[in-house]
Amino acid sequence: MRRREFITLLGSTAAVWPLVARAQQPAKPLIGFLNSASPSAYAPIVAAFQDGLNQMGFVDGRNVAIEYHWAEGDYDLLPWFAATLVNHKVAAIISGGGPAALAAKSAATTTPIIFSSRADPVRIGLINALNQPGSNVTGVVSMSDGFVAKQIELIHAVAPSATLIAVLVNPSNPNNPKQISEAREAQTLLGIKTTVLQARTSRVIDAAFAKLVELKVGALVIGADPYFDSQLDHFAALAARFGVPTIHGLPEFVTSGGLMSYGPDLADAYRVVGIYTGRILKGEKPADLPLQQSTKVELTINRKTAKTFDLTVPQSVLDAADEVIE
């Protein structure tokens, strides 16, 4: 064989070989990420989830692919998104929040579901028992029971002149009745008068803040809800505009200019969800992975915002805070 012919043959082989090699490479497993909130609000949480996956040796784009679906507060989209993920034959569905988890459960009877929920998953009908979540369902629970009462207590400590405190809930959230019940119980337990307002859209949220002024509400508690988590900047702006001291569940609300936040550490919960997802991708079954309960909570305070409300944060509250923004 002459040298020119050899080079030509070698070049042809080199051109074909990568195609053959790619064809022989196993396809990356595809996992679905279904969430009721928005990607902008949950960026730190997605990062924590991916960190959990990385700990198990899976990196998005390298040896696993992730298909994200964000309802951005429109819970009616969740069943369609969940069905889409099932049709795409995902290896697992990660569902964030009670509404998303319930939609995933309805759509997928065999596909592994790993959820993160602040609501009691038994109460909302996601699982039958905490010690036996189900054949294809497991996850992490960041129990929000008692958080409404604690948030009322905290906001009243910072705004002691508030004779009426409102709690805003989303009627589309399956945990809505529990939060309303806690708001009413807090009135008796803490001796603080409360009222409940409901909103499921941005326009109704605006109307709710106008109602706060009409009712002469002295402070506001925003209930735990994925759609509300997507409205952090909106809530912070409305609180400043209407002069209503407000507490939310996520610390990102405080970095957006809100006064206070108190709630479960969702990033910590999603990191565990990522680890569980990696274990399932390695062959473990959801039924063999016990339900985890995240007990980590965070209290964040924005003293700069407190000053705009002419409020002095008590030292006892500052001492209990995980972060204080000056």
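Trainee: Which residue of β12 is the bridge partner of Ser261, and what makes β10 and β12 a pair?

Mentor: The partner of Ser261 in β12 is Thr300. Strands pair if DSSP finds at least two bridges between them, and five bridges join β10 (residues 260–264) to β12 (residues 297–302), so these antiparallel strands count as paired. The model is a predicted one, in which local features need pLDDT of at least 70 and side-chain atom pairs pLDDT 80 or more, while totals for chains, interfaces and linings use all residues. Residues are numbered from 1 along each chain as its sequence is written, and side-chain values use heavy atoms, leaving out hydrogens and water.

Trainee: Why are β7 and β13 called edge strands?

Mentor: The open sheet of seven strands runs β7-β6-β8-β9-β10-β12-β13 with mixed pairing, and because β7 (193–198) and β13 (323–325) each have a single partner strand, one side of each is left without a neighbour in the sheet. From one strand to the next, the twist averages 20°.

Trainee: Which strands stand at the edges of the sheet of six strands, and how many bridges join β5 to β11?

Mentor: In that open sheet, ordered β2-β1-β3-β4-β5-β11 with parallel pairing, the edges are β2 (65–70) and β11 (292–293), each pairing on one side only. Two bridges join β5 (residues 137–141) to β11, which meets the requirement of at least two and therefore makes them a pair; Val141 stands opposite Gln293 in β11. Helix α2 (residues 43–55) packs on this sheet, touching β1 (30–35), β2 and β3, where contact means heavy atoms within 4.5 Å.

Trainee: Why is Ser95 called buried rather than exposed?

Mentor: Ser95, which lies in strand β3 (residues 92–96), has a relative accessible area of 1%; buried means under 20%, exposed over 50% and partly exposed in between, with a 1.4 Å probe and protein chains only, so Ser95 is buried. Not counting residues up to four places away in sequence, Ser95 touches several residues, among them Leu34, Ile113 and Phe115.

Trainee: How many cavities does the structure hold, and what lines the largest cavity?

Mentor: There are three cavities of 30 Å³ or more, a cavity being a set of points on a 1 Å grid over the protein atoms alone where a 1.4 Å probe fits but cannot get out, with lining residues having an atom within 4 Å of a point. The largest holds about 100 Å³ of space. Twelve residues line the largest cavity, and Gly98, Arg118, Ala119, Asn173 and Ala224 lie nearest its centre. The lining divides into five nonpolar, six polar and one charged.

Technical notes:
Helices (H or I, at least four residues) and strands (E, at least two) are DSSP runs, numbered from the N terminus. Axes are lines fitted to C-alpha atoms, for helices over the stretch in contact, and angles run from 0 to 180 degrees between N-to-C directions. On a 1 Å grid over the protein atoms alone, a cavity is a set of points where a 1.4 Å probe fits but cannot get out, and a pocket is an open set with protein on both sides within 12 Å along at least five of seven lines; lining residues have an atom within 4 Å of a point. Grid points are joined across faces, edges and corners, and a volume is the space filled by probe spheres set on the points. Ala, Val, Leu, Ile, Met, Phe, Trp, Tyr, Cys and Pro count as nonpolar, Asp, Glu, Lys and Arg as charged, and the others, Gly among them, as polar.
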